[in-house]
Amino acid sequence: MRAIFAVTAGLALAGVLSTASAQERKSIFADPQNLQVLPADISTAELSQTMRGVALGLGVRCQYCHVGEAGQSLREFDFAADVKETKAIARQMFQMVADINARTSAIASQMERPATEVRCVTCHRGQARPQLIEDVLNQTLESGDGAAAVEKYKALREEFYGSHTFDFSELTLTMFTSGLQRGSNIEAGIALQELNREYHPEVWRVHISLAEGYETVGDPEKALESYRKTLELRPGFAHVEGKIKAIEEQMKAEEPESKPE
Ligand code: HEC
Ligand code: HEC
């Protein structure tokens with residue numbers, strides 16, 4: 001059980017947040033009545049740090065799991081009550097994290113080094129339901145088209161850029177769109193990769209990926225343009241030189257020599 005409340009180890013900030021009003025009055029974390037998975041002898045400071053770490057890790061407020069309202073004083077909350085399903089799930093998560101830490105510390109000790117502590121934030125990164133950006137985009141594409149996925153990506157980037165919640169790197173989006181382009185959703189792959197190009201016009205990989213997409217859907221002009229841009233950013237790339245030559249020849253061959261007689 002020791003590892004259970006180590007979920008927030010190192011979160012010095014939580015301690016700072018909790019000390020403010022705790023001095024004079026009895027802390028809301030003193031004397032817990034209904035601990036089923038956390039150690040019964042957990043100190044007030046450790047419980048406070050654990051709960052604040054949980055809330056921060058999931059990007060939620062206390063009332064996500066506890067009975068109370070926004071704007072209400074925490075003193076009026078009923079923290080002991082078991083009403084919300086999220087609290088029950090959190091209990092299972094506490095146990096899961098303890099299991100994981102028992103395993104990883106055994107592995108770390110084989111390698112004779114201190115274990116990296118797994119905490120809520122290790123997976124959750126500020127989300128109640130931990131998802132990668134790829135998961136969110138796939139969900140959007142289940143019911144929407146490429147344009148919907150582009151809007152979703154932009155909105156998430158607007159909200160979360162600079163946080164640990166989602167990875168907005170060029171390569172992650174390139175990998176995702178390449179998968180779409182190879183699969184059955186080429187249109188969405190191209191739309192998202194065009195967005196990637198807006199954010200990362202300096203990366204040759206973005207342009208070659210687009211060139212391949214345009215080739216697949218039969219748009220030689222745009223493919224040529226993107227291959228040329230690739231070559232500009234990565235001079236001497238023989239594969240791309242070959243592609244450019246082939247498309248140019250093909251376009252020449254298809255030029256309307258077929259004048260009506
Ligand atoms: C993701 C869910 C979740 C969030 C968010 C959360 N808690 Fe908890 N909290 C729990 C769970 C689960 C327990 C019970 C642990 C156990 O059974 O050992 C608990 C127990 C407590 C207790 C002890 C209650 C008792 O009498 O047994 C207090 C006090 C508490 N939380 C305060 C807070 C505060 C303050 C916040 C906001 C900063 C917060 N919690 C955020 C899940 C959460
Ligand atoms: C190993 C990764 C991992 C860790 C660590 C982890 N979780 Fe989770 N958690 C998940 C996943 C994955 C889901 C979503 C399951 C699903 O898709 O329904 C989830 C879902 C939840 C949910 C339900 C959210 C919702 O609204 O659907 C709660 C509450 C939760 N976790 C609390 C916690 C707490 C508290 C901790 C730390 C004690 C924690 N989790 C640590 C992976 C993790």
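Predicted model: local features only at pLDDT ≥ 70, side-chain atom pairs only at ≥ 80, totals over all residues.

Colleague: Where does T165 lie?

Modeller: T165 sits in the loop between helix 6 (146–160) and helix 7 (170–182).

Colleague: And what does the side chain of T165 reach?

Modeller: The backbone oxygen of R125, at 2.7 Å.

Colleague: OK, on to the metals. Which residues are the protein donors of the iron atom of ligand 1?

Modeller: M51 through SD and H66 through NE2, lying 2.0 to 2.3 Å from that iron atom. The two link distant parts of the chain, 15 residues apart. M51 is in helix 2 (residues 44–58), while H66 is in the loop between helix 2 and helix 3 (85–110).

Colleague: Why is the arrangement around the iron atom of ligand 1 octahedral?

Modeller: Because the six donor atoms around the iron atom of ligand 1 subtend angles of 88 to 178 degrees. For reference, ideal angles for six octahedral donors are 90 or 180 degrees.

Colleague: Is H66 buried or exposed?

Modeller: H66 counts as buried, because its relative accessibility is 12% and the cut-off is under 20%. M51 has a relative accessible area of 24%, so M51 is partly exposed.

Colleague: Now the other iron. Which residues are the protein donors of the iron atom of ligand 2?

Modeller: M93 (SD) and H124 (NE2), lying 2.1 to 2.3 Å from the iron atom of ligand 2. That pair also links distant parts of the chain: M93 belongs to helix 3 and H124 to helix 4 (residues 120–124), 31 residues apart.

Colleague: What are the angles among the six donor atoms at the iron atom of ligand 2?

Modeller: They run from 85 to 179 degrees, and the site is octahedral.

Colleague: How about accessibility there: is H124 buried or exposed?

Modeller: H124 counts as buried, at 10% relative accessibility. M93 is partly exposed, with a relative accessible area of 36%.

Colleague: Which helix gives the most to the lining of the largest pocket?

Modeller: Helix 2, with seven residues. Helix 1 (12–22), helix 2 and helix 3 each supply at least two residues of the lining.

Colleague: And how many nonpolar, polar and charged residues does that lining have?

Modeller: By class, the lining of the largest pocket has 26 nonpolar residues, eight polar and seven charged.

Colleague: Another jump: where is T230 found?

Modeller: T230 is in helix 10 (residues 220–233). With 0% relative accessibility, T230 counts as buried. Its side chain reaches the backbone nitrogen of I208 at 3.2 Å.

Colleague: Last one: how many residues apart in sequence are E194 and V150?

Modeller: E194 and V150 are 44 residues apart in sequence, and in space 9.3 Å separates them, C-alpha to C-alpha. E194 lies in helix 8 (residues 186–199) and is partly exposed, with a relative accessible area of 25%.

Notes: Residues numbered from 1 in each chain as written. Chains lettered and ligands numbered in written order. Heavy atoms only, no water. Donors = N, O, S within 2.8 Å, 3.2 Å for Na, K, Ca; no water. Tetrahedral: all angles 85-135°; square planar, octahedral: opposite > 155°, others 65-115°. Helix = DSSP H or I, 4+ residues; strand = E, 2+ residues; numbered from the N terminus. Buried < 20%, exposed > 50% of the residue type's maximum accessible area, 1.4 Å probe, protein only. Nonpolar A, V, L, I, M, F, W, Y, C, P; charged D, E, K, R; others polar. Polar contact = N/O pair within 3.5 Å; in protein donor to acceptor, adjacent residues only side chain to side chain.
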